Amino acid sequence: MVTAYFLLPLDGLGPQRPALSWTLFVLALVLVAVLLLRQVVHVLLGFPNIRPGLVIPLLMTLSILVFAATYLALAQRPGELVGLDTRLDALYFTLVTLATIGYGDITPHGQAARLVAVLQILYSFIFLTAAATALTSYLRTMLRRHGNPGPPG
């Protein structure tokens with residue numbers, strides 16, 4: 001997925017196609033959110049034969065890449081994101097925002113960039129936290145199940 005992020009032709013997104021850019025951003029986030037919530041529900045309800053250890057990290061990575069691609073598209077508009085020039089910058093800014101570090105070297109100055117940063121923070125609090133909690137719960141259950149072979153015989 002990360003390789004695809006660096007190779008996909010994302011140059012057609014941004015200020016030259018704002019309707020398409022916003023539509024793809026919203027659709028991608030909604031799709032990933034629905035898939036994440038589905039995994040969370042499956043873990044919480046104890047559905048058999050699920051693979052949240054594989055699916056949840058992939059969906060979390062995909063959501064990070066969606067935000068990075070969005071920041072990259074927004075940065076094409078002068079003054080929107082100061083200091084963001086490359087795909088690596090966009091990925092870096094997404095991770096710095098996710099981790100709530102905020103070094104200040106890349107800053108959202110435009111209203112659209114600030115809106116996306118706020119959405120990323122809210123998305124992280126709601127969806128990524130729920131997904132990480134469900135994944136942790138699943139892994140603990142699996143470790144307990146496989147770690148306790150029973151009394152020695």
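The protein chain of this predicted model carries 9 positive and 5 negative side chains, with the centres of the two sets 22 Å apart. Lys and Arg count as positive, Asp and Glu as negative; His and the chain ends are left out. Each charge is placed at NZ of Lys, CZ of Arg, CG of Asp or CD of Glu.

The chain holds 5 helices and 2 strands, in the order α-α-α-β-α-β-α. These are DSSP runs: helices are H or I with at least four residues, strands E with at least two, numbered from the N terminus.

| Property of the protein chain | Value |
|---|---|
| Accessible surface (Shrake-Rupley, 1.4 Å probe) | about 9,200 Å² |

Carbon and sulfur atoms own 68% of that surface. Of 153 residues, 37% are buried (under 20% relative accessible area, 1.4 Å probe, protein chains only).

One cavity of 30 Å³ or more is counted. About 40 Å³ of space lies in the largest cavity. A cavity is a set of points on a 1 Å grid over the protein atoms alone where a 1.4 Å probe fits but cannot get out; lining residues have an atom within 4 Å of a point. Points join across faces, edges and corners, and the volume is the space filled by probe spheres set on them. The lining includes Ser 63, Phe 67, Thr 94 and Tyr 123. Helices H3 (52-74), H4 (87-98) and H5 (111-147) each give two or more residues to this lining. H5 gives the most, with 4 residues.

Residues are numbered from 1 along each chain as its sequence is written, and side-chain values use heavy atoms, without hydrogens or water. Local features need pLDDT of at least 70 and side-chain atom pairs 80 or more, while totals for chains, interfaces and linings use all residues.

Technical notes
Buried < 20%, exposed > 50% of the residue type's maximum accessible area, 1.4 Å probe, protein only. 1 Å grid on protein atoms, 1.4 Å probe; cavity = no way out; pocket = protein on both sides within 12 Å on 5 of 7 lines; lining within 4 Å.
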